Each structure stands twice: as structure tokens, then as C-alpha cells.
Amino acid sequence: MELGISGRKAIVCAASKGLGKACAMALAQEGVELVINARTPEILEQTAEEIRTHTGVPVTAVACDITTEAGRQAVLAACPDPDILVNNAGGPPPGDFRDWQHDDWIAAVEANMLTPIMLIKAVVDGMQDRQFGRIVNITSGAVKAPIPSLGLSNGARSGLTGFVAGLARQTVAHNVTINNLLPGPFETDRLQQTLQGAAKQQGKTLDQIIELRRQSNPAGRFGDPDEFGAACAFLCASQSGFISGQNLLIDGGAFPGTF
Ligand code: NAP
């Protein structure tokens, strides 16, 4: 299927690895020009080069912390008028809410709620003026079915989801859509980290936890980041202008509800 976005410009945040990288690669495969971001310059530049080599599209790498105002300004300076914005950042650490201080909550809200909102605010009016915009927020399956050890994520991401639900209905008349992609377990560094936390909590080895989680998913496996990237590219397609305000769970069927 031709997605009709060749030559469009995208900002993909937190994209040197994992789900962000997969979204960047999938968009580049459709001919979208990229500005990608992450904090570690060497890995980010390697990823940018990999995408350029694989797809031939221009990729600008901006190494910075997207959860800071300075980081967001650096990314926006590299791409002031994006057609596509993929919001992403690292997830908060697992733990017990009794151990989290005020600063822990502020960091989670900054990263997983306010950063995407600030970036949306910076680009949405231009998208509306140009009558094309696709915004995809990478959130988490935890928004639909909270994960007990990830209280910071459950809370902060739900705030973003509530905000986006309102805004997405106001922008869609201008062909600017805003949707959330909710990953279940995908084979990335982040998954390894959260499973390490779970192993410690449950007194099991990492291998035991990995096997248990694989088997407990209806698909019998973890997700491949490329599957996630393909869904992101579809939401950014020219044909996707009537899909807005949605929360698409990609979890191998793990969420047990009918709807
Ligand atoms: P990952 O493989 O660990 O990759 C995270 C990426 O984000 C890296 O490129 C990292 O590079 C970058 N990053 C982290 N913090 C950043 C910051 N402050 N500013 C800029 N870049 C930053 O993680 P992932 O699995 O792709 O997860 C992506 C998001 O999905 C996370 O929020 C995660 O919580 C959520 N999620 C993932 C899963 C899963 O199973 N994988 C499930 C549910 C939710 P640097 O470290 O160099 O900055």
C-alpha cells in the first residue's frame, strides 16, 4: 500500500533504539525526511546512518534530552515545520509508589506527559495552516490495563491520553490527526529493564521471567519493533485523515477485554 507521504518531514523523538527507531525506519521507508533525537550522540548517529543507508532519505540527528526545554528547541530548530511528529521518551522506572518522592513524579510527568504536550503545542497550528499533520504518541498498554510496578507510567501517560482525547477532536477538521500507540511487550532494551525489575521482585531469574512472559502472551512471543513501526507509518499515511483520538493497543492480544 502506497502511504502517500513521500517527501513529508517528520520529527521522531527518542529514536536511536527500540520503538522510536522502528517508527523512524518505517517512515523513512515511505520516503519521509527525518529529524531524529536521543541523548547518546554516538548511538544516535549510528542509527541515522543506518536509516540513510537503508532508505536513502535525509536524516538529521539532534542529540539532546527531549524532556528539557532546550532539547525540544534544538529539535524544533532542525525541523520547524514538521508534517509528522512522533512523540516518545524513555519510560519511568518500576518500583513501589511508597518510595517515589515528589521529584520522581515530576520527572515522569515531564517526560511522558508534558514533553509531548509542549511539542504538540509547538507544531499543531502550523500543521493546521498547511492542512496536513499526523501526530503519534508512543504511550503504553499500561494506559488501558495498569501495570502495578509501573505506577509512574500508569499515571503520567494517562494524563497525556486525557489531554489528547480532547485536542484530537479539534484538529481533525484541518486534516491534523493525533493518535496514541500503546505497546504491549516489545523486544527492546526497555523490556529487558522492566523484566529485570520483575525478576528481582518475584525472586526469579531473568530467563525464567522472559519465558513466563512470552508464554503468557496469546501470541506466544514478544512483539517485533518493526511491527510497531509499520503501525505508526500507517497512522501517518495520507489515507489516515479520518482516524483521530484513538488508542491503538499493539500487544499480541494480551489485553483480555472484548473492546
Ligand atoms: P528503548 O529500547 O530503551 O529505547 C529508548 C530510546 O529513547 C533510546 O533511543 C533512548 O536513547 C531514547 N531516550 C530515552 N530517554 C530520552 C530522553 N530523555 N530524550 C531523548 N531520547 C531519549 O525503549 P523502547 O522499548 O523503545 O520504549 C519506548 C517507549 O515505549 C518508552 O517510553 C517505554 O516505556 C514505552 N513502552 C515500551 C514497551 C516495550 O515493551 N518495549 C512497552 C510499553 C511501553 P538515549 O538513552 O541515548 O537517550
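Biologist: How many helices and strands are there in the protein chain?
Modeller: This is a predicted model. Its protein chain holds both kinds of element, with 8 helices and 7 strands.

Biologist: Why is the protein chain described as being as compact as a globular protein of that length?
Modeller: The globule rule gives 18 Å for 259 residues. The chain comes close to that, so it is as compact as a globular protein of that length, with a radius of gyration of 18 Å.

Biologist: What percentage of the residues in the protein chain is buried?
Modeller: Buried means under 20% relative accessible area. Of the 259 residues, the buried ones make up 46%.

Biologist: Which residue has a side-chain N or O atom 2.7 Å from an oxygen atom of the ligand?
Modeller: A polar backbone atom of Phe186 is 2.8 Å from an oxygen atom of the ligand. For Gly91, a backbone N or O atom lies 3.3 Å from one. The side chain at 2.7 Å belongs to Arg39.

Biologist: How much of the ligand's exposed area does the protein bury?
Modeller: Taken alone, the ligand exposes 880 Å².

Biologist: How many residues of the shell around the ligand are charged?
Modeller: There are 29 residues around the ligand, and Ser16, Leu19, Thr40, Ala89 and Thr188 come nearest. The shell includes 11 nonpolar and 12 polar residues. The charged ones number 6.

Note on methods. Residues numbered from 1 in each chain as written. Predicted model: local features only at pLDDT ≥ 70, side-chain atom pairs only at ≥ 80, totals over all residues. Heavy atoms only, no water. Near = heavy atom within 4 Å. Polar contact = N/O pair within 3.5 Å; in protein donor to acceptor, adjacent residues only side chain to side chain. Areas by Shrake-Rupley, 256 points an atom, 1.4 Å probe, with all protein chains shown as cover. Nonpolar A, V, L, I, M, F, W, Y, C, P; charged D, E, K, R; others polar. Helix = DSSP H or I, 4+ residues; strand = E, 2+ residues; numbered from the N terminus. Rg over C-alpha atoms; globule rule 2.2 N^0.38 Å. Buried < 20%, exposed > 50% of the residue type's maximum accessible area, 1.4 Å probe, protein only.
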